[in-house]
Amino acid sequence: MAPLPAADKARPSRSRRGTRPSGDDREQAILTTAERLLADRTLGEISIDDLARGAGISRPTFYFYFPSKDAVLLTLLDRVNVEADSAAFGLVGQSTEDPATLWRAGISAFFTTFSAHRAVAVAAAQAKAGNSEVRELWSRVMEKWVRQTEEIIQSERDRGAAPPGIPVRDLAVALNLMNERVMHTVFAAEHPTLEESRAVDTLLHVWLNSIYLTTPDVACSR
């Protein structure tokens with residue numbers, strides 16, 4: 001067989017071209033870098049150059065994927081929320097013949113998911129005060145969790161498993177806000193807080209007693 005012409009020898013193969021990072025790879029590299037850096041620094045202490053360098057791209061290339069550091073945080077938070085939703089909301093509609101098991105699975109799904117991404121959770125909580133987009137995203141997420149909780153509590157009351165009491169929405173809001181605050185204090189190592197190993201058990205205890213045990217004076221105030 002005749003040798004390939006010099007021009008053909010120099011031409012890169014299709015397989016080598018196929019190994020170049022795709023746009024999705026670069027975007028994921030930026031997100032991975034951001035989450036890693038957030039474990040040790042606040043968002044304000046991380047520069048665009050830090051993110052670009054960690055992702056192996058140039059600063060101008062970074063702006064092709066994200067307009068700002070805040071946009072990176074929003075994307076990270078949105079992805080963690082989707083992961084938590086997938087783990088927890090799959091429980092909606094399941095049998096509640098064993099309420100403790102059902103509620104434990106739901107609380108644990110959120111706690112475990114956000115624990116795996118605690119740097120994102122802490123950064124988002126810190127950013128809420130000064131970033132309206134983060135605040136609005138988190139409000140939408142909380143509202144969704146509250147409505148799912150309302151649905152399950154109302155179903156439990158309708159089937160006679162849970163007694164009547166304070167308005168379902170008020171109870172759902174209070175319980176979800178409690179979860180949010182406890183998770184933040186644990187992940188941010190604030191004081192006082194709960195031991196992480198006991199957090200889910202403690203939250204579950206409060207949820208079960210709030211939903212299934214109602215004192216007469218509280219029930220009549222509905």
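1. Helix 7 carries a series of buried residues: Pro-99, Leu-102, Trp-103, Gly-106, Ile-107, Ala-109, Phe-110, Phe-111, Thr-113, Phe-114 and Ser-115. Buried here means under 20% relative accessible area, exposed over 50% and partly exposed in between, with a 1.4 Å probe and protein chains only. Helices are DSSP runs (H or I, at least four residues), numbered from the N terminus.

2. This is a predicted model, in which local features need pLDDT of at least 70 and side-chain atom pairs count only at pLDDT 80 or more, while totals for chains, interfaces and linings use all residues. Residues are numbered from 1 along each chain as its sequence is written, and side-chain values use heavy atoms, leaving out hydrogens and water.

3. The cover over the buried residues of helix 7 includes helix 6 (69-88), helix 8, helix 9, helix 10 (168-187) and helix 11 (196-212).

4. Asn-131 sits in the loop joining helix 8 (118-127) to helix 9 (132-158). Asn-131 counts as buried because its relative accessibility is 9%. Its side chain reaches the backbone nitrogen of Val-134 at 3.0 Å, and a polar atom of that side chain lies 2.9 Å from the backbone nitrogen of Glu-133.

5. Asn-131 is also 8.2 Å from Asp-70, C-alpha to C-alpha, with the two 61 residues apart in sequence.

6. Asp-25 belongs to helix 3 (residues 23-38). Asp-25 counts as partly exposed because its relative accessibility is 45%. Its C-alpha atom is separated by 9.3 Å from that of Ala-55, 30 residues apart along the chain.

Technical notes. Helices (H or I, at least four residues) and strands (E, at least two) are DSSP runs, numbered from the N terminus. A polar contact is a pair of N or O atoms within 3.5 Å; within protein, one must be able to donate a hydrogen and the other to accept it, and residues adjacent in sequence count only if both atoms are side-chain atoms. Contact means heavy atoms within 4.5 Å.
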